[in-house]
Each structure stands twice: as structure tokens, then as C-alpha cells.
Amino acid sequence: MERIQNHPILGETPERRQVTFTYDGKTLTGYEGEPIATALKAAGVMAHRYTAKKHEPRGVFCAIGRCTDCVMVVNDKPNVRTCITPLEEGMKVQTQYGVSPSKEEM
């Protein structure tokens with residue numbers, strides 16, 4: 001995983017508890033309390049959802065919760081902004097297709 005351990009302005013990253021979560025059925029790890037999008041980025045996941053009309057991939061854009069490019073299905077709830085939602089042990093994170101919780105509903 002690519003992580004900044006010593007930021008030139010923010011300093012060293014404090015110790016954090018590592019947790020596991022699932023992303024589209026795969027088990028991944030991240031740090032408790034970090035944004036879900038951060039854990040996904042560290043694991044190499046760039047596309048969080050696909051648009052309803054053209055099925056185009058979207059990922060993190062603003063990273064402050066203002067847009068909806070990073071929304072995903074989290075614990076079976078669609079439209080969760082992953083850039084501001086803290087990661088928790090055992091979360092179920094899924095790619096979102098359009099505005100529905102599953103690809104079949106497109």
C-alpha cells in the first residue's frame with residue numbers, strides 16, 4: 001500500500017489500528033477512521049461508481065463531500081460519500097452503478 005508516513009507539513013502519521021473490509025467481495029485492509037476512499041486508493045481502486053446514462057467510471061473528485069463522484073454502496077446503503085465516511089472494521093463496500101445499489105437494477 002502506498003501511504004505517506006512523514007508529511008512535510010503535517011508531520012509523522014500516528015499509529016492507527018488496521019481493519020479489514022470487503023470491496024466487491026474482496027477482502028482489503030485499511031486504517032480505522034480514515035476515509036473509505038483513502039483505503040481504496042491505497043489498494044489501487046480508482047473507480048467507485050459508474051454513471052447511469054453512459055456507464056462511465058467515476059472516482060474521487062473533490063474529496064470534501066461536495067460532489068457525488070465517489071459515492072458507493074456501503075453496508076447495503078447506496079449513495080454514501082466515501083471521501084468523508086470513516087472506515088470501520090467489517091464494512092461491506094461495493095461499486096455503485098447509476099443511482100441503484102446493484103448493477104442488475106440498471
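A salt bridge is a side-chain nitrogen of Lys or Arg within 4 Å of a carboxyl oxygen of Asp or Glu. Side chains of opposite charge can pair when their charged atoms come close. The structure described here is a predicted model, in which local features need pLDDT of at least 70 and side-chain atom pairs count only at pLDDT 80 or more, while totals for chains, interfaces and linings use all residues. Residues are numbered from 1 along each chain as its sequence is written, and side-chain values use heavy atoms, with hydrogens and water left out.

The overall fold comes first. One helix and ten strands make up the elements of the chain, where helices (H or I, at least four residues) and strands (E, at least two) are DSSP runs numbered from the N terminus. Read from the N terminus on, their order is β-β-β-β-α-β-β-β-β-β-β. The radius of gyration, taken over C-alpha atoms, is compared with a globule rule of 2.2 Å times the number of residues to the power 0.38. For 106 residues a compact globule would have a value near 13 Å, and the 14 Å of the chain agrees with this. Along the principal axes, the C-alpha atoms fill a box of roughly 45 × 25 × 20 Å. Of the 106 residues, 36% count as buried (buried means under 20% relative accessible area, exposed over 50%, and partly exposed in between, with a 1.4 Å probe and protein chains only).

Now for the charged pairs. Six salt bridges are found in a search of the whole structure. One of them joins the side chains of Glu34 and Arg16 (3.9 Å, N to O). Glu34 sits in the loop between strand 4 (26-31) and helix 1 (36-42), and Arg16 in the loop between strand 2 (11-12) and strand 3 (18-23), so this pair ties together parts that are 18 residues apart in sequence. Glu34 counts as buried at 6% relative accessibility, whereas Arg16 is partly exposed at 30%.

A second pair to look at is Arg49 and Asp69, whose side chains meet in a salt bridge (3.2 Å, N to O). Arg49 belongs to strand 5 (residues 49-50) and Asp69 to the loop between strand 6 (57-58) and strand 7 (71-74), so parts 20 residues apart in sequence are tied together. Both Arg49 and Asp69 are buried. Arg58 and Glu56 also form a salt bridge through their side chains (3.4 Å, N to O). Here Arg58 is partly exposed, with a relative accessible area of 28%, and Glu56 is partly exposed too, at 32%. Arg49, Glu56, Arg58 and Asp69 are linked in a network of salt bridges.
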